Amino acid sequence: MNILTQKAGGYMHLKCVTPAFIFLDKRILVQLLTLFVCMGGVVAYSQAAPIQYLKKQIASESYETVGVFDVNNDRIPDIVSGAYWYEGPHYQTRYYIGSAKRYGEYYDDFSTIPLDVDGDGYMDFITGGWFGKQLVWKQNPGDGSQWQEHLIAEAGNIETTRSWDVDGDGIMEIVPNTPNDSLVIYRLVLDANKKGAAKFTKHRIYGKHGHGLGFGDVNGDGIGDFILAKGWLEGPENPYEGTWKFHPDFDLGGASIPIIVADVNNDGKADIIAGQGHGYGLHWYEQLPAKKKGKTEWLKHPIDPYNSQYHSMEWIDIDLDGENELVTGKRYRAHNGKDPGGEDDLGLYYFKWNGENFSKQVIDYGPYGEGKGTGVYFSVYDLNGTGTKEIIVAGKDGLYMYYDKPKNNKQ
């Protein structure tokens, strides 16, 4: 029988005194900072000091996606969000790209995936939307003029889109999360004999797959697998011709995009991190030794059950200690305030694994106008080449950048 339960009391029994958090209610968080004291020869995990971020507003636009790439080939990263790109290194001058269609509070623009689609040396980007049901790429003209939009596919309702190198050829494949439609991989194929000629081949690997999508090697066979809301798809050696086998081994609910695949506890087995995109909760799922061949076993652990709309996240080393942190936050007005917790305060956080559980560090928190939430696609990038990474977040509450105060105080 599958194991998908939460440990008694909600948290693991700790052998050491570790940094802990007590939630007084959904809006108030008290952090208890204690010394890490270990008994009985238990190895201690060193903890970097929490990063103190400074907040900088870039624009008041309400697009929900932001990417970072070099638009004008000056070797300085630029910020691209919605109808505009913002020139680095100061990000004060902006240039018009061409706007996506608006539906009520939403722009039908739910990702900013950098990819030189036409091979002309200028970076383009890929996006798509829920309402228009189209996956598109926007062509960087390289001369400052408006960017031309090209249709990739009529893909169905696109919650958001992500990219992974599914076939290991060094080129990212495009995979939209289309909860009401089939799971499809779009592979870029360039014509070597015709400059600028590009097309995407379409590879359907599964049917209706629900809210949530991730990619990684779940079973340790060296082949990438897809993680869906209600199970995982085991990847074949040839992802375009082989059969993807579905394993209904868990139920992640209305999961985040992406769902993270990572060995959280360093036991040699891949684990899963998933937020609830339209409800309360952020959890990690520990992969246990399998009791039956071909079937995975999972144990659910809470990371933060007290905040809602954890729709997007990144697993990346932001404090330069060699270990990845989980960067995420609340998507502001994901369903126009109608989600559970939709009217709660906003928050942007990073969570650090301390050897036993995740400790929560607050980057920004507060009501609308004070705190900041996420959109559906944000970026973590070293904008100024100092080694530290900035967090660039778009949303219906504006476009902002967060940078490490001690090292980047000249921003």
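**Notebook: salt bridges and an open sheet**

I first looked up R331, which is buried at a relative accessible area of 3%. I use buried for under 20% relative accessible area, exposed for over 50%, and partly exposed for values in between (1.4 Å probe, protein chains only).

The model is predicted, so I note that local features need pLDDT of at least 70 and side-chain atom pairs count only at pLDDT 80 or more, whereas totals for chains, interfaces and linings use all residues. Residues are numbered from 1 along each chain as its sequence is written, and side-chain values use heavy atoms, with hydrogens and water left out.

**Entry: R331 and E159**

I then asked which side chain R331 meets in a salt bridge. The partner is E159, at 4.0 Å from N to O; a salt bridge here is a side-chain nitrogen of Lys or Arg within 4 Å of a carboxyl oxygen of Asp or Glu. The pair links distant parts of the chain, 172 residues apart: R331 lies in the loop between β27 (325-330) and β28 (346-353), and E159 in the loop between β13 and β14 (160-164). Helices (H or I, at least four residues) and strands (E, at least two) are DSSP runs, numbered from the N terminus. E159 also counts as buried, at 11% relative accessibility.

**Entry: other salt bridges**

I recorded 16 salt bridges in the structure. K352 and E325 form one of them, with the closest N and O atoms 2.6 Å apart. K352 belongs to strand β28 and E325 to strand β27, 27 residues apart in the chain. Both K352 and E325 are buried. I also found these two residues in a network of salt bridges with D319 and D321.

K138 pairs with E149, the closest N and O atoms being 3.8 Å apart. Is K138 buried or exposed? K138 counts as buried at 4% relative accessibility, whereas E149 is partly exposed at 45%.

**Entry: the open sheet**

I traced four strands in an open antiparallel sheet, in the order β4-β5-β6-β7. Two strands pair if DSSP finds at least two bridges between them. β4 (67-69) and β7 (94-96) stand at the edges with a single partner strand each, so one side of each has no neighbour in the sheet. Neighbouring strands are turned by 25 degrees against each other on average, direction ignored; axes are lines fitted to C-alpha atoms, for helices over the stretch in contact, and angles run from 0 to 180 degrees between N-to-C directions. Three bridges join β5 (residues 78-81) to β6 (residues 84-86), and I79 has Y86 in β6 as its bridge partner.
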